[in-house]
Amino acid sequence: MANNHGIVYMGNGKVEVQSIEFPKLAINNRKCEHGVIVKPIATNICGSDQHMVRGRTTAPIGMVLGHEITGEVIECGKDVEFIKKGDIVSVPFNVACGRCRNCKERHTDVCLHVNTERAGGAYGYVDMGGWIGGQAEYVMIPYADWNVLKFPDKDQALAKIRDLACLTDILPTGYHGCITAGVTTGSTVLISGAGPVGLAAAAAAFLLGAAVVIVADFNKARLEHARSFGCETINLGIHDSIADQIEHILGVPEVDCAVDCVGFEAKGHGNTEAPAIVLNQLMEVTRAAGAIGISGLYVTEDPGAKSESARLGTLSLKFGLGWAKSHSFFTGQTPVMKYNRGLMMAILHDRIQIAKAVNVEVISLMSAPEAYQAFDSGVAKKFVIDPHDMIQ
Ligand SMILES: NC(=O)c1ccc[n+]([C@@H]2O[C@H](COP(=O)([O-])OP(=O)(O)OC[C@H]3O[C@@H](n4cnc5c(N)ncnc54)[C@H](O)[C@@H]3O)[C@@H](O)[C@H]2O)c1
Ligand SMILES: [Zn+2]
Ligand SMILES: [Zn+2]
């Protein structure tokens with residue numbers, strides 16, 4: 001049997017490269033003849049992984065991480081009809097069955113059949129069905145005909161792999177945040193958070209025709225990167241009032257659309273924990289009748305929270321403000337499959353430079369533990385692991 005190695009969560013702040021089992025077309029005694037074995041060419045580290053690695057979730061020690069998988073199909077189960085060995089595919093981070101009511105209604109983010117505990121599945125993620133992660137040399141992808149997006153041409157895919165690697169999660173997530181926030185031609189948009197998701201949302205907003213995209217964060221390097229492709233920025237370390245800064249940029253203290261790309265580990269002044277701060281700020285500065293896309297992750301349990309209520313995922317929201325302004329709110333994991341084909345075409349035809357926007361850096365599997373630390377320190381990079389040294 002072939003060897004396999006993967007990135008394993010080993011407790012607070014710690015990940016290791018370990019020898020792991022070669023994937024089978026089965027999981028938890030459940031047969032997966034509808035699945036394929038994929039050899040990842042690009043498998044990315046995500047801010048969502050960091051929530052687990054920082055001990056801010058109930059992720060079990062020993063879990064293989066990785067939900068952003070792009071790779072080559074090397075084996076197909078006998079029920080796979082249309083995906084073939086040798087295909088280069090993008091795997092949405094959502095695991096979805098394609099058979100339940102939610103999948104049929106395009107809510108692959110909350111598939112009803114892939115997780116016995118709650119709706120929705122993902123690879124290598126706490127509470128998401130126990131599917132083994134893909135920051136590894138090999139990984140099993142179930143319901144392959146339904147889940148994977150095949151790239152039209154192998155050589156073209158390899159040539160653009162840094163960009164295409166962003167299709168598994170961050171580009172569709174940034175795009176979904178913008179779509180749900182109502183971004184369209186001429187919109188003014190505020191994006192909170194300049195991590196890879198925030199930068200992807202900013203690039204998506206331009207693709208959708210936004211007039212002005214403003215990105216807010218405390219992180220200078222990330223804000224500088226946002227400016228490199230045309231965003232306005234607000235440095236929260238310097239400026240107290242987001243509304244004043246928006247007024248300075250736009251002439252009015254509000255935006256048409258807002259996207260939360262931070263989530264429950266949001267910080268307030270002096271680096272304090274302030275899990276509701278972004279949502280409250282976005283209600284303050286989004287125009288009446290506007291919409292707020294909430295791509296940042298919020299949890300039902302946060303063992304690392306400072307207050308008892310935040311430990312249970314209960315936030316101090318100024319909900320009345322949003323109500324008074326008739327705001328719409330959109331939450332949840334991104335249903336990647338809704339967007340990945342269109343965004344693939346935008347990449348293949350040079351309509352978006354997403355690898356540049358999020359500053360992709362390709363690394364080896366062995367250097368992933370270091371990259372986890374660098375990412376946690378806030379570098380302006382999106383780390384893409386190349387486990388087989390295939391990226392030129
Ligand atoms: N909905 C989905 O399907 C989905 C998919 C991918 C990622 N996510 C979530 O999106 C969020 C962002 O992901 P990422 O990879 O960019 O993470 P990241 O940790 O790299 O970036 C988060 C950024 O938010 C900034 N920040 C902290 N407090 C802030 C505040 N009060 N205002 C503005 N910025 C603030 C941080 O400085 C950091 O730069 C995470 O919560 C992640 O779990 C959700
Ligand atoms: Zn991700
Ligand atoms: Zn389903």
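A residue counts as buried when its relative accessible area is under 20%. Y175 has a relative accessibility of 17%, so Y175 is buried in this predicted model.

Helix α6 spans residues 170–180, and helix α7 spans residues 196–207. Two packed helices are described by the angle between their axes and the distance between the axes. Here the axes come within 7 Å. They cross at roughly 60°. The two helices are therefore oblique to each other. The crossing of α6 past α7 is right-handed. On the α6 side, the contact is formed by I170, L171, T173, G174, Y175 and C178. On the α7 side, the partners are P196, V197, A200, A201, A204, A205 and L207. Of the residues in this contact of α6 with α7, 11 are nonpolar and two are polar. None is charged.

I179 also lies in helix α6. Its relative accessibility is 36%, so I179 counts as partly exposed. Beyond its neighbours within four places in sequence, I179 is in contact with L208 and Y339. V362 is 183 residues from I179 along the chain. The C-alpha atoms of I179 and V362 are separated by 29 Å.

Aromatic pairing was examined next. A pair of aromatic rings is described by the distance of the centres and the angle of the planes. The search of the whole structure finds four aromatic pairs. One of the pairs joins F22 and Y138. The ring centres of F22 and Y138 are 4.9 Å apart, and the planes stand at 50°, so this pair is tilted. F22 sits in the loop between β2 (15–19) and β3 (26–27). Y138 sits in the loop between β9 (121–122) and β10 (139–141). The pair links distant parts of the chain, 116 residues apart. Both F22 and Y138 are buried.

Another pair is formed by Y175 and Y339. Their ring centres lie 5.4 Å apart, with the planes at 70°. The cut-off for edge-to-face is over 60 degrees, so the Y175–Y339 pair is edge-to-face.

Key
Residues numbered from 1 in each chain as written. Chains lettered and ligands numbered in written order. Predicted model: local features only at pLDDT ≥ 70, side-chain atom pairs only at ≥ 80, totals over all residues. Heavy atoms only, no water. Axes fitted to C-alpha atoms, helices over the stretch in contact; angles between N-to-C directions. Helix = DSSP H or I, 4+ residues; strand = E, 2+ residues; numbered from the N terminus. Parallel < 35°, antiparallel > 145°, perpendicular 65-115°, else oblique. Left-handed = near helix turned anticlockwise from the far one by under 90°. Contact = heavy atoms within 4.5 Å. Nonpolar A, V, L, I, M, F, W, Y, C, P; charged D, E, K, R; others polar. Phe/Tyr/Trp six-rings, centres within 6.5 Å; stacked < 30°, edge-to-face > 60°. Buried < 20%, exposed > 50% of the residue type's maximum accessible area, 1.4 Å probe, protein only.
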